[in-house]
Amino acid sequence: MLRFIATRVATLIPMLFLLTVVVFALVEIAPGDPAAIIAGPEASPESVAGLRQELGLDRPLHERYFSYLTSLLQGDLGTSYLTDEPVSEVIARRLPRTATISAYALLISVVLSIPFGLLAALRRGRFTDRFVTGSSVFLLAVPPFVLAALLVNYLALGGLRILPPTGYVPMSESVSEWLRFATLPAIAIATISLAELTRQARGSLVDTLEEDYVRTAKAKGLGRWRTVGKHAAKNAAVPYITILGLNVGRIVGAAVIVEAIFNLQGFGQLGVTSVLTRDLPTMQGVVLISGLIVLVVNLLVDISYGYLNPRIRTR
């Protein structure tokens, strides 16, 4: 297993290198001159030229990339054009909000999708199965921002008013207050992932229950729940985990819009603001961290394959 993990980690290195190339290329393909953006519309051509030299934008492309890569290895993501703060500090301030709410949304999706999918698979063709499947299709059709608006209208601003409509309290200050402010955004973000994971859990388990080894276990008199827990669940988990890994990126993407509705001032909104204001170093930092998160999640998914299916390790 350790050799399998080491191999998977080694394959991550060229992907990280490719990610840095793509992020660096954002500056080259982005419209406008970064020096002119920083200097402002009233700056003279001489001032812009001097700023380009100060920023190193007049150097050859390979030298600038090497300098960018060296700064990354030292933990330096550059300085924001908009706030004149280190990008790493801006991201460190914004990322925990999105990360904790996204993790909350992912937890909701997993905790609810597994029992719902299991119940639908064991009652295949019955009312329970049709209800769970139909509800999943309905949730897949509802965009997160629409659900977020409905939640704010009925649970925050309507007659119930049981949860706050906007704002955020860090978990380090108060866990209970964090839950109050994070629950509605997490539900809005989690719905599509919940629906897709429920359908995947049901489909994977239905297919696994039809395998010969499961039928053999039933023929030997093994109970339904022991058959599912001992034989079916582990093999059905492989495609489920695949969809779970893909949904991490979807959850982070949904957070961009949902954060704006709940005024969370998180990582997603930082990315949108950096694009609108052409704050290129911040935009690079957001894309880099987002790509790094996706790569790490994919690595964990690959490692889980090896744990759940020994045949993958032997290959």
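1. Phe 24 is buried, at 11% relative accessibility; here buried means under 20% relative accessible area, exposed over 50% and partly exposed in between, with a 1.4 Å probe and protein chains only. Its partner is Tyr 68, and the two rings form a tilted aromatic pair, 5.8 Å centre to centre with 40 degrees between the planes. For such pairs, the rings of Phe, Tyr and Trp (its six-membered ring) must have centres within 6.5 Å; planes under 30 degrees apart are stacked, those over 60 edge-to-face and the rest tilted. Tyr 68 is buried too, at 13%. Because Phe 24 lies in helix α1 and Tyr 68 in helix α4, the pair ties together parts that are 44 residues apart in sequence.

2. A word on how to read these values: this is a predicted model, in which local features need pLDDT of at least 70 and side-chain atom pairs count only at pLDDT 80 or more, while totals for chains, interfaces and linings use all residues. Residues are numbered from 1 along each chain as its sequence is written, and side-chain values use heavy atoms, leaving out hydrogens and water.

3. The structure holds 5 aromatic pairs. One of them joins Phe 17 and Tyr 65, with centres 6.2 Å apart and planes at 85 degrees, so this pair is edge-to-face. Phe 17 sits in α1 (residues 2-29) and Tyr 65 in α4, so parts 48 residues apart in sequence are tied together. Phe 17 is partly exposed at 48%, whereas Tyr 65 is buried at 15%. Ring pairs link Phe 17, Phe 24, Tyr 65 and Tyr 68 into a cluster. The helices named in this note are DSSP runs (H or I, at least four residues), numbered from the N terminus.

4. Now to the nonpolar cores, meaning sets of buried Ala, Val, Leu, Ile, Met, Phe, Trp, Tyr and Cys residues joined through side-chain atoms within 4.5 Å. The largest has 25 residues, and those with the most contacts inside it include Ile 101, Tyr 104, Leu 184 and Phe 262. Helices α5, α7, α8 (175-209) and α10 each supply at least two of its residues, and α8 gives the largest share, 7 residues. A second, separate core of 19 residues includes Leu 12, Leu 288, Leu 295 and Ile 303.

5. Which residues does Ile 101 touch? Leaving aside residues up to four places away in sequence, they are Tyr 168, Trp 178, Ala 182, Pro 185, Ala 186, Ile 189 and Leu 264. A contact here is heavy atoms within 4.5 Å.

6. Helix α7 (residues 144-156) has Pro 144, Leu 147, Ala 148, Leu 151, Val 152 and Ala 156 buried. They cover an arc of only 140 degrees around the axis, which puts them on the same side of α7; the arc is that of the directions from the helix axis to the C-beta atoms.

7. Two backbone spots deserve a look. Most residues other than glycine have a negative phi. Asp 84 is not a glycine, yet has a positive phi of about 60 degrees; this residue is in the loop between α4 (61-73) and α5 (87-122), and is exposed at 63%. Gln 265, also not a glycine, has a positive phi of about 55 degrees. Gln 265 lies in the loop between α10 (224-262) and α11 (267-276) and is partly exposed at 32%.
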